[in-house]
Amino acid sequence: LRALTRIHEANAAFFRGQIIIAMTEGAIVFVVLTILGVDLSFFLGIMYGCLAIIPYVGVISVFSVTSLLVLADQGFGGTFYGVVALFLSIQLLENLVLQPLILGKKTGLHPMAIIISLFVFADLFGFLGVLLAVPLASMTIILAQEYLMPFLREGEKTGDTATYKLPMGSPPKPGP
């Protein structure tokens, strides 16, 4: 129960962190689009904040809508390139700063552990792995701390580094 409670707390913290990141980015989108003079900037900021809770969905959908609006209104120009720069900057800010710092703080994972988990779980499970990378990483670490580390520590205490007490009995004896 203790492990399940810790996993639940870490996952709840992850989702709270995702909401904080999404709302922060939505506010940034609103402010920058207002500065650029894009129509419907408030609506686009709210839309980004709501959709960015799901990784990559917010940025792709709001960037597409914003780009089409700007192209239809003003064509290729400074505003369009400002919109492109905004969304590139937001992705860099999210992936390199906000996710490691906010999610790391909320879930108890080191920022480098979050970055590595994104790569590992994306490689293993594709897009679904990207969505679930941080919860899976925190779950893996918690399970290792709860079940693997006690066996390793017991082996350290007894001084027996070759074998550890496993829950299913003693390990097989080595051959000749």
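Figure 1. Helices (DSSP runs of H or I, at least four residues) and strands (runs of E, at least two) are numbered from the N terminus. Following the sequence, the pattern reads α-α-α-α-α-α. This is a predicted model, in which local features need pLDDT of at least 70 and side-chain atom pairs count only at pLDDT 80 or more, while totals for chains, interfaces and linings use all residues. Residues are numbered from 1 along each chain as its sequence is written, and side-chain values use heavy atoms, with hydrogens and water left out. Of the 176 residues, 34% count as buried; buried means under 20% relative accessible area, exposed over 50%, and partly exposed in between (1.4 Å probe, protein chains only). The chain exposes about 10,800 Å², and carbon and sulfur atoms supply 73% of that area (Shrake-Rupley method, 1.4 Å probe; for residues, only the protein chains shown count as cover).

**Figure 2. Meet the largest nonpolar core, with its 16 residues.** A nonpolar core is a set of buried Ala, Val, Leu, Ile, Met, Phe, Trp, Tyr and Cys residues joined through side-chain atoms within 4.5 Å. Val-29, Leu-33, Val-38, Tyr-48, Val-62, Val-83 and Phe-87 have the most contacts inside this core. At least two of its residues come from each of helix 1 (2–36), helix 2 (41–51), helix 3 (57–74) and helix 4 (78–107). Helix 4 gives the largest share, five residues. A second, separate core has 12 residues, including Phe-14, Leu-98, Leu-103 and Val-134. In soluble globular proteins, nonpolar side chains tend to be buried together.

Figure 3. Glu-25, found in helix 1, counts as buried because its relative accessibility is 0%. Glu-25 and Ala-52 are 27 residues apart along the chain, with 8.0 Å between their C-alpha atoms.

**Figure 4. Now come the aromatic pairs, seven in the whole structure.** Rings of Phe, Tyr and Trp (its six-membered ring) pair if their centres lie within 6.5 Å; planes under 30 degrees apart count as stacked, over 60 as edge-to-face and the rest as tilted. Phe-14 and Phe-15 make an edge-to-face pair because their planes sit at 70°, with ring centres 4.9 Å apart. Phe-14 is buried at 5% relative accessibility, whereas Phe-15 is partly exposed at 46%. Phe-121 and Phe-125 are stacked, 6.2 Å centre to centre with 10° between the planes. Both belong to helix 5 (residues 111–125), four residues apart, about one turn of the helix. Phe-121 is buried at 13%, and Phe-125 is partly exposed at 49%. Elsewhere, ring pairs link Tyr-48, Phe-63 and Phe-87 into a cluster.

**Figure 5. Last, look at a nonpolar patch on the surface.** Ile-19, Met-23, Ile-53, Ile-54, Tyr-56, Val-57, Ile-60 and Phe-127 form this patch, with about 680 Å² of accessible area together. Patches are made of residues with over 30% relative accessible area and no salt bridge; like charges are joined within 9 Å, nonpolar side chains (Val, Leu, Ile, Met, Phe, Trp, Tyr) within 5 Å. A salt bridge is a side-chain nitrogen of Lys or Arg within 4 Å of a carboxyl oxygen of Asp or Glu. Helix 1 and helix 3 each supply at least two patch residues. Met-23, in helix 1, is partly exposed at 42% relative accessibility.
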